[in-house]
Amino acid sequence: MPGVAVCEAAVPGDLLPALRQRAAELGVPLSSVLLAAHATVLAALSGESEVVTGYLAGIRSVPLPCRLETAPGSWRAVLLQAHRTEWELLAHQDFPAGDLAGELGLAGPAFETVFDALGGRGHAGTGHRAVG
């Protein structure tokens, strides 16, 4: 049945210390760990190793297309790729991607899920959520 549904999932507070520790051990921000987990779940649900999600960060509130490869490889490889991809997205977050899509005549979204790196609170580190 066609339609749209929203499912928000906040990271449980008791899990955050372990996730922060893992991020520190690998020298990446917590958001990269969560993005890697989000992409891994999308890959498992879709049966595809390459997934695209919207990446929401910053004050513009416009999700950017974020493409991640989840296999083959280790969890560490997926996590480090998520970190590189996130860094590249943030470096270009001010580019008017929505305007470009309109100019090219692209209809519809480039992704069906959104990863909110700031958790809707305007600062990283708490409240991370995935919306699908």
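**Tour of the side-chain pairs**

Start with Phe115, which counts as buried because its relative accessibility is 2% (buried means under 20% relative accessible area, exposed over 50%, partly exposed in between, with a 1.4 Å probe and protein chains only). This is a predicted model, in which local features need pLDDT of at least 70 and side-chain atom pairs count only at pLDDT 80 or more, while totals for chains, interfaces and linings use all residues. Residues are numbered from 1 along each chain as its sequence is written, and side-chain values use heavy atoms, without hydrogens and water.

Rings of Phe, Tyr and Trp (its six-membered ring) pair if their centres lie within 6.5 Å; planes under 30 degrees apart count as stacked, over 60 as edge-to-face and the rest as tilted. The count by this rule is one aromatic pair. Tyr55 and Phe115 form that pair, tilted, with 5.8 Å centre to centre and 35 degrees between the planes. Tyr55 is in strand 2 (residues 50–56) and Phe115 in strand 4 (residues 114–116), 60 residues apart. Strands (E, at least two residues) and helices (H or I, at least four) are DSSP runs, numbered from the N terminus.

Now turn to the salt bridges (a side-chain nitrogen of Lys or Arg within 4 Å of a carboxyl oxygen of Asp or Glu); the whole structure has two. Select Arg67 and Glu50: their closest N and O atoms are 3.2 Å apart. This pair links strand 3 (residues 64–69), which holds Arg67, to strand 2, which holds Glu50. Glu50 is partly exposed at 41% relative accessibility.

Finish at helix 1 (residues 16–26), where Glu25 and Arg22 lie three residues apart, about one turn of the helix. Their salt bridge has its closest N and O atoms 3.6 Å apart. Glu25 is partly exposed at 48% relative accessible area, and Arg22 is partly exposed at 42%.
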